[in-house]
Amino acid sequence: MNPGHLSHSPAHTPPRISLPAARRVALAAQGFLDPRPAPGRATARQLNRVIDRVGVVQIDSVNVLTRSHYLPFFSRLGPYDRSTLDRLRDRAPRRLVEYWAHEASLIPPETWPLMGFRMERARHEAWGGMRRIQQERPELVAVVLEEVRRRGPITARACDAALAVDIPRRDGNWGWNWSVVKTALEYLFWAGEITSSGRTAQFERLYTVPERILAAPEPVDAETAHEQLVRIAARAHGIGTARCLRDYFRLGAAETGRAIDALVATGELEIVQVPGWSSQVYLHAEARRPRKAHVEALVSPFDSLIWQRERTEALFGMRFRLEIYTPAAQRVHGYYVLPFVYGDTLVARVDLKADRVAGALRVQRCTWEEDAPPEARAALQRQLRAMTDWLGLDDVLA
């Protein structure tokens with residue numbers, strides 16, 4: 001458990017917030033209670049509002065339904081033009097850039113410099129293969145960086161092909177191939193020496209140097225960066241434990257604890273009690289505290305509402321686990337499972353697949369929670385129909 005937050009020992013008993021009230025705070029903070037536009041009428045401004053609410057959007061390559069980063073916007077806005085989101089990522093003035101924030105993620109450009117401490121620690125904290133390529137083949141990493149500087153924006157495959165022209169392989173094997181070039185690119189991406197200017201239609205990252213798409217960042221020391229990242233996480237959560245706040249940007253326990261201490265000291269975070277939550281809970285000072293909430297939304301398995309599994313179980317009573325990498329015979333709820341929010345809680349898990357050949361949204365499995373109200377079934381059908389239309393499909397097949 002985070003040692004930093006254990007230092008908070010208030011002399012008075014912290015205010016008590018009921019579990020339903022905490023759920024409403026969480027849903028409001030994540031943008032689920034904001035007004036929805038008419039179907040298909042969402043503007044760039046409304047997409048920007050979602051970005052401001054959540055602060056970070058996870059990317060994932062699985063495309064059984066649609067790319068995961070599109071789904072949080074659908075969950076909060078309903079049907080919208082996905083090309084609008086692509087433009088916010090790929091064209092100046094960009095509202096989104098990629099980095100390892102919460103896994104591979106889209107973040108606002110102003111958040112990118114806050115990840116400087118992670119970039120500086122790449123030699124020691126990047127994944128093993130990335131560290132090894134820098135340790136064992138620094139000359140290759142330097143060559144790849146120069147190639148991106150000369151030819152970017154460029155995909156990994158194009159970079160490999162360009163190197164074959166610029167530095168021809170020797171007979172037998174020059175000693176590098178696409179896989180090591182890709183590893184070198186990913187190390188440089190983690191280290192912040194290159195970034196992404198967008199994605200191709202095949203979802204390949206387009207690597208370029210940061211100065212081509214980002215303003216020169218002011219250096220941010222690690223302590224200040226952690227405080228600002230925890231502040232973003234606290235706003236996006238509304239209410240949560242130290243573990244929740246730490247997980248949002250995958251931060252270290254000690255540094256998160258010091259950031260929480262600082263935010264409690266300034267009054268930005270208030271210590272509260274929530275029944276059933278054993279860890280100390282923090283409420284953001286500006287969090288909305290709605291007296292009621294009614295949401296109808298399918299949420300991606302990679303949605304920030306449900307990233308932290310203990311939080312999801314404590315708030316919504318659902319023990320949610322990703323089963324994509326579980327053998328098919330051992331899956332309990334399905335491959336690509338979207339929780340369904342109805343009212344102010346999670347009431348079902350829906351395993352969905354976009355069957356492009358059949359032109360149908362396939363409901364491969366639907367598992368209802370025991371206390372799901374009967375009227376939630378009609379609401380789910382409405383959401384499935386809306387998703388079908390949004391994805392350009394014709395039917396819902398159960």
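Colleague: Which residue in E8 does glycine 240 stand opposite?
Modeller: Strands of a sheet pair through backbone hydrogen bonds, either parallel or antiparallel. Here glycine 240 stands opposite tyrosine 282 in E8. Strands are DSSP runs of E, at least two residues, numbered from the N terminus, and two of them pair if DSSP finds at least two bridges between them. E6 and strand E8 (residues 281–284) run antiparallel, joined by three bridges.
Before we go on: this is a predicted model, where local features need pLDDT of at least 70, side-chain atom pairs count only at pLDDT 80 or more, and totals for chains, interfaces and linings use all residues. Residues are numbered from 1 along each chain as its sequence is written, and side-chain values use heavy atoms, leaving out hydrogens and water.

Colleague: In what order do the three strands of the open sheet come?
Modeller: The order is E6-E8-E7, with antiparallel pairing. E6 (239–241) and E7 (269–272) are the edge strands, each pairing on one side only.

Colleague: And E9, how many bridges does it share with E10?
Modeller: Four, in the antiparallel sense, between E9 and strand E10 (residues 337–343).

Colleague: Are the residues on the two faces of E9 buried or exposed?
Modeller: Buried means under 20% relative accessible area, exposed over 50%, partly exposed in between (1.4 Å probe, protein chains only). In E9 (residues 295–298), Val295 and Ala297 on one side and Glu296 and Leu298 on the other are all buried.
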